[in-house]
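Please look at the sequence and the model below. A short briefing follows, grouped by topic.

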Amino acid sequence: MDIMTKNENGILTIELAGRLDTTSAPDLEKTITEQIPQAQTLVFDLAQLAYTSSAGLRIFLKAQKLMSQKGGAMKVLHVAEPIMEIFEMTGFTDILTIE
Amino acid sequence: MQTLTVQAIPENLAQVTAFVDLFLEALDCPMKTQLQIDLCVEEVFVNIAHYAYGDATGDAEVRLCETDNRVELTFIDSGMPYDPLARKDPDITLAAQDRQIGGLGIFLVKKNMDTVTYCYEDGKNILTMTKQL
């Protein structure tokens, strides 16, 4: 999986491409843990993400909790159909702000 | 039937997924269905890799077969007896702050496969799942 990050004026954008699975999730966890302290808003762009497992859901939930704790906002953009189905099945459509 | 036996460690997930994908591609499995099956393969294999053998390690065997365009995937390990289906489903209506992530993996397996069954026989955990292509 590729992780591209950009932080502009406190808006942290993380673009993911490929497969978010058990193998790649630790890299994303490291990225959010390191970068969320500098962010007021976190934007995930999932246009190029083809797959996520529960390992990925765990990271999205952790990011949401970290942002909520610091009073920041988190948005998830461009969710492809296979990923959206996983979000719907697990109720993540109710806890994430998906646009 | 096709069989693959690997050491049950998370690093072998890619090998297990490649084995399953090759099998599915030969059956002209639709990409959407393949991704759903890949997800279940990951959740089940990683569970075995993380928990079946405690601090030790052991093997996981994957068996694949197909009848009338219905695929059957069986995962076998010799670890401690554990029925993942006995676990209560997670509450997916809770707010983010109250959410626990545990249990979502096997929940996704139940949602994405047509059938999932577990048995413990001759010292082995045997999890079998099926899906119509």
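How many residues does the contact take from chain B and from chain A? The contact takes 21 residues from chain B and 18 residues from chain A, where two residues are in contact if their C-beta atoms, placed from the backbone, lie within 7 Å.

This is a predicted model, in which local features need pLDDT of at least 70, side-chain atom pairs count only at pLDDT 80 or more, and totals for chains, interfaces and linings use all residues. Residues are numbered from 1 along each chain as its sequence is written, while chains are lettered from A and ligands numbered from 1 in the order in which they are written.

**The side of chain B that touches chain A**

- Helix H1 (13–26), helix H2 (31–52) and helix H3 (104–112) of chain B each supply at least two residues to this side; helices (H or I, at least four residues) and strands (E, at least two) are DSSP runs, numbered from the N terminus.
- With seven residues, H2(B) gives the most.

**The sheet of chain B**

- Five strands form an open sheet in the order E1-E2-E3-E5-E4 (chain B), with antiparallel pairing; two strands pair if DSSP finds at least two bridges between them.
- Strand E1 (2–7) and strand E4 (115–121) of chain B are the edge strands, each pairing on one side only.
- E4(B) and strand E5 (residues 124–132) of chain B run antiparallel and are joined by seven bridges.
- Val116(B) stands opposite Met129(B) in E5(B).
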